[in-house]
Amino acid sequence: GQPTIPTTAHLRGQSSLRCERKSYTLQLDGPDRYLMPNSAADEYSLIAMCDDPAYVYAPSVYSLLAGDLFTSTYRFVELIIDGRTRGIYMLVEKTREEVERDHG
């Protein structure tokens with residue numbers, strides 16, 4: 001029931017290239033969007049977590065560093081392409097822009 005947001009996706013990182021599920025960098029068309037509470041951006045990363053079948057390692061690291069060092073907001077999303085689910089991904093704000101905005 002949500003409106004579609006036109007987006008350009010590019011492969012991201014080296015570690016997911018050997019996996020069936022790839023990680024992506026997303027550039028949203030238009031202005032910043034609130035895809036997470038208290039967070040508006042036009043660029044995000046979709047992290048596949050293909051080496052983390054229980055979805056524990058990456059979220060744990062992001063949570064541990066979230067206090068001061070790494071302030072990017074993230075959430076879990078289901079990626080669906082052409083009506084087929086591609087699994088659970090972490091949607092993360094673009095790191096560099098988030099750090100500059102909060103600590104620049």
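How much space lies in the largest pocket? About 720 Å³ lies there. The model is predicted, with local features needing pLDDT of at least 70 and side-chain atom pairs counting only at pLDDT 80 or more, while totals for chains, interfaces and linings use all residues. Residues are numbered from 1 along each chain as its sequence is written, and side-chain values use heavy atoms, without hydrogens and water.

**View A. The largest pocket and its centre.** Ile5, Thr7, Leu26, Leu35 and Leu79 are the closest to the centre among the 20 lining residues. On a 1 Å grid over the protein atoms alone, a pocket is an open set of points where a 1.4 Å probe fits, with protein on both sides within 12 Å along at least five of seven lines; lining residues have an atom within 4 Å of a point. Volume is the space filled by probe spheres set on the points.

**View B. The lining of the largest pocket.** At least two lining residues come from each of S1 (7–11), S2 (24–28), S3 (33–36), S5 (43–47) and S6 (74–81). Strands are DSSP runs (E, at least two residues), numbered from the N terminus. S6 gives the largest share, six residues. By class, 15 lining residues are nonpolar, three polar and two charged (Asp, Glu, Lys and Arg count as charged; Ala, Val, Leu, Ile, Met, Phe, Trp, Tyr, Cys and Pro as nonpolar; the others, Gly among them, as polar).

**View C. The open sheet.** Five strands run in the order S1-S2-S5-S7-S6 with antiparallel pairing (a pair needs at least two DSSP bridges). S1 and S6 are the edges, each with a single partner strand, so one side of each lacks a neighbour in the sheet.

**View D. The S1 and S2 pair.** Five bridges join S1 and S2 in the antiparallel sense. Ala9 has Leu26 of S2 as its bridge partner.

Conventions:
Helix = DSSP H or I, 4+ residues; strand = E, 2+ residues; numbered from the N terminus.
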